[in-house]
Amino acid sequence: MRVSTLIRAALVAVTASTAAASGADIVSALNNVDSETADLQSTVEDWSGGLLGSIPIVTQSAHVLSAINDGTDTAEDSDPLTTEEALSIATAVSTLATTVNGTMTALINAHDDFEHLLLAPIVLLDLKTQKSASDDMSAAIIAKVPQALQAIATNLAAPIAASFEQAIEVFSLSNGI
Ligand SMILES: *[C@@H]1O[C@H](CO)[C@@H](O)[C@H](O)[C@H]1NC(C)=O
């Protein structure tokens with residue numbers, strides 16, 4: 001075997017073993033964000049407005065952030081997606097958009113309780129951090145989508161940012177510490 005052939009074989013092996021994430025990994029990361037976000041929604045909806053009961057909300061909110069950051073890492077590690085992979089991700093993104101809408105609605109509905117406990121600024125900070133992380137995740141995913149589908153992907157992700165924006169607006173107006 002010639003040296004150049006050996007080098008090429010080695011390169012192929014390295015490329016194959018480092019091509020970690022794929023469309024399926026992104027779908028599973030998005031489903032994880034969806035499930036953590038849905039948990040946050042039910043934690044907020046079950047909250048009776050007391051100080052102690054607000055602790056699980058803060059904890060679950062951190063889980064959402066960490067799931068979003070995992071999603072960004074997974075997308076960044078992924079190879080460029082095939083059209084078929086991009087379509088399966090589209091479904092996961094619209095499911096997530098519906099969940100984020102419900103969660104932001106629950107937070108908006110609970111705003112007065114957070115404000116009463118002077119916790120509204122903490123929620124606001126969480127929301128801003130999550131929105132920024134979520135924007136990064138969307139950008140990382142869209143970057144891997146085939147060129148022809150990027151505009152559609154951008155439109156699909158837009159309602160997620162818009163839902164965060166609505167909640168951020170409500171919590172920006174609150175009194176607090
Ligand atoms: C949720 O979706 C409805 C219907 O599209 C929209 O009117 C509402 O503003 C959204 N709310 C949030 C918080 O995203």
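A crossing of two helices is left-handed if the near helix is turned anticlockwise from the far one by less than a right angle, and right-handed if clockwise. The crossing of α2 and α4 is left-handed. This is a predicted model, in which local features need pLDDT of at least 70, side-chain atom pairs count only at pLDDT 80 or more, and totals for chains, interfaces and linings use all residues. Residues are numbered from 1 along each chain as its sequence is written.

The protein chain has 7 helices and 0 strands. Its elements run α-α-α-α-α-α-α from the N terminus on. Helices (H or I, at least four residues) and strands (E, at least two) are DSSP runs, numbered from the N terminus. Of the 177 residues in the chain, 33% are buried. Buried means that 20 or more other C-beta atoms lie within 10 Å of a residue's own; exposed means 12 or fewer, partly exposed is in between, and C-beta atoms are placed from the backbone. Contacts (C-beta atoms, placed from the backbone, within 7 Å) can be sorted by sequence separation. Among contacts with a separation of 6 or more, 87% join residues 24 or more positions apart.

Start with α4. This helix covers residues 83-109, 27 residues in total. From first C-alpha to last it reaches 39 Å, close to the 39 Å expected at 1.5 Å a residue. The expected span is 1.5 Å times one less than the number of residues. The buried residues of α4 are E85, A86, I89, A92, V93, L96, T99, V100, T103, M104 and L107. An α-helix has 3.6 residues a turn, so residues three or four places apart point the same way. The buried residues of α4 pack against α2 (23-46), α6 (120-142) and α7 (150-172).

Two packed helices are described by the angle between their axes and the distance between the axes. Axes are lines fitted to C-alpha atoms, for helices over the stretch in contact, and angles run from 0 to 180 degrees between N-to-C directions. Angles under 35 degrees count as roughly parallel, over 145 as roughly antiparallel, 65 to 115 as roughly perpendicular and the rest as oblique.

Take α4 with α7. They pack at about 10°, with axes 9 Å apart. That makes α4 roughly parallel to α7. On the α4 side, the contact includes A86, A90, V93 and L96. On the α7 side, A153, L156, A157 and P159 are among the partners. By class, this contact has 17 nonpolar, 4 polar and no charged residues. Ala, Val, Leu, Ile, Met, Phe, Trp, Tyr, Cys and Pro count as nonpolar, Asp, Glu, Lys and Arg as charged, and the others, Gly among them, as polar.

Now α2 with α4. Their axes come within 9 Å and cross at roughly 15°. That makes α2 roughly parallel to α4. The contact has 14 nonpolar, 9 polar and 3 charged residues.

Next, α2 packs with α3 (residues 54-77) at about 170°, axes 9 Å apart. The two helices are therefore roughly antiparallel. Their crossing is left-handed. Their contact has 12 nonpolar, 8 polar and 4 charged residues.

D25 sits in α2. It counts as partly exposed, with 16 C-beta neighbours inside 10 Å. Leaving aside its neighbours within four places in sequence, D25 is in contact with T74 and S78. D25 and D77 are 52 residues apart in sequence and 9.8 Å apart in space, C-alpha to C-alpha.

Finish at L118, in the loop between α5 (111-116) and α6. Phi of L118 is near 65°, a positive value in a residue other than glycine. L118 counts as partly exposed, with 13 C-beta neighbours inside 10 Å.

Technical notes: Contact = placed C-beta atoms within 7 Å.
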